[in-house]
Every structure is written in structure tokens, then in C-alpha cells.
Amino acid sequence: DGGSFSSGRHDPIDVFTKGGAPVQMWLRGRQNFNALVAHLQTSLELDRATEVILAGGSSGGLAVFYNLDHLASLLPPGVRLTGFPDGGFFIDAENRYEVHAYRNWFRNMDVQWNTTGGGGTNEACLAAAAPGEDWKCL
């Protein structure tokens, strides 16, 4: 769903196909992540692992940042978990048009994905965020 396995909407959103037909899209990346980890634990013996590496490049690197703490909570105690984000860090700086493009994008996408409200964000960051600035935890 484009949310780096962080989205958590309860209801679908209305979108349109390339041809203009109305359809609904579900944004449940966190639930998909949880199901994938459960499958790996029950079918491929992830539950017996002693070391786990979560890696991703570009937007996959963003998924590592979003999901590493959560993955740690799904693994048995004592598992050595390492995150390897190759990219995925988007700087909140003005572009050549003096616009904070990434800031605006993350604010808007958080509303669509429901990352901060759907359990896809670091809880300590959310607790420390000023009102209206939950998006900074992305």
C-alpha cells in the first residue's frame, strides 16, 4: 500500500483506476507485516532464530526504521535483531523552490495511511510529540 508496512486504516479509501472507475483500496500494511512474521515463525522456523536482520533499500529502508522496534516485540526474548536500512532517511529540508516537500508529503500520507494512529509508529516518539506533530515520528 506504499506505507512501508506501517499503515493501519480500519476502512478502505475511495480511489479511481487509470480508466476512471471508482474502487476501494485497503491500507493495512501493519496487519500484513504481522501476518508475514507469523507465517515465517510457524512455517519457516523464524521462532527458532537466534539472529534476525531486517534490511531494505530506499523506501524499504524507511520500512526498516518503521518496523524494527515492532519486529523486536514479535520475536522471542534474546533474539539478536539488527536493522540494516540502506537509505530511507528523507531529510526535512527546503527544496530548490523553498518548500519542505517531504514534510508536506509525510503529513498528507500519514492522514491516508493512518500510520501514527494505527500502531505503525514508535510509541515513545508519539508520547513526546507536540500536539499536531505526530507526523514527525514518521
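A crossing of two helices is right-handed if the near helix is turned clockwise from the far one by less than a right angle. The legends below describe close-ups of a predicted model.

**View 1. Helices α1 and α2 cross in a right-handed sense.** Helix α1 spans residues 29-43, and helix α2 spans residues 59-74. Their axes come within 11 Å. The crossing angle is roughly 45 degrees. Angles from 65 to 115 degrees would count as roughly perpendicular and those under 35 as roughly parallel; α1 and α2 are therefore oblique to each other. On the α1 side, the contact involves Arg-30, Phe-33, Asn-34, Val-37 and Gln-41. They meet Tyr-66, Asn-67, His-70, Leu-71 and Leu-74 of α2.

**View 2. Trp-105, Phe-106 and Trp-113 form one aromatic cluster.** The whole structure holds three aromatic pairs. In one of them, the ring centres of Trp-105 and Phe-106 lie 5.0 Å apart. Their planes stand at 80 degrees, so this pair is edge-to-face. Phe-106 is buried, with 9% relative accessibility. Trp-105 is partly exposed, at 39%.

**View 3. Thr-116 sits in the loop between α3 and α4.** Helix α3 covers residues 101-113, and α4 covers 123-128. Thr-116 has a relative accessible area of 16%. Buried means under 20%, so Thr-116 is buried. The side chain of Thr-116 makes a polar contact of 2.7 Å with the side chain of Asp-110. Leaving aside residues up to four places away in sequence, Thr-116 touches Asp-110, Thr-121, Leu-126, Asp-134, Trp-135 and Leu-138.

Key: Residues are numbered from 1 along each chain as its sequence is written. This is a predicted model: local features need pLDDT of at least 70, side-chain atom pairs count only at pLDDT 80 or more; totals for chains, interfaces and linings use all residues. Side-chain values use heavy atoms; hydrogens and water are left out. Helices (H or I, at least four residues) and strands (E, at least two) are DSSP runs, numbered from the N terminus. Buried means under 20% relative accessible area, exposed over 50%, partly exposed in between (1.4 Å probe, protein chains only). A polar contact is a pair of N or O atoms within 3.5 Å; within protein, one must be able to donate a hydrogen and the other to accept it, and residues adjacent in sequence count only if both atoms are side-chain atoms. Contact means heavy atoms within 4.5 Å. Rings of Phe, Tyr and Trp (its six-membered ring) pair if their centres lie within 6.5 Å; planes under 30 degrees apart count as stacked, over 60 as edge-to-face and the rest as tilted. Axes are lines fitted to C-alpha atoms, for helices over the stretch in contact, and angles run from 0 to 180 degrees between N-to-C directions. Angles under 35 degrees count as roughly parallel, over 145 as roughly antiparallel, 65 to 115 as roughly perpendicular and the rest as oblique.
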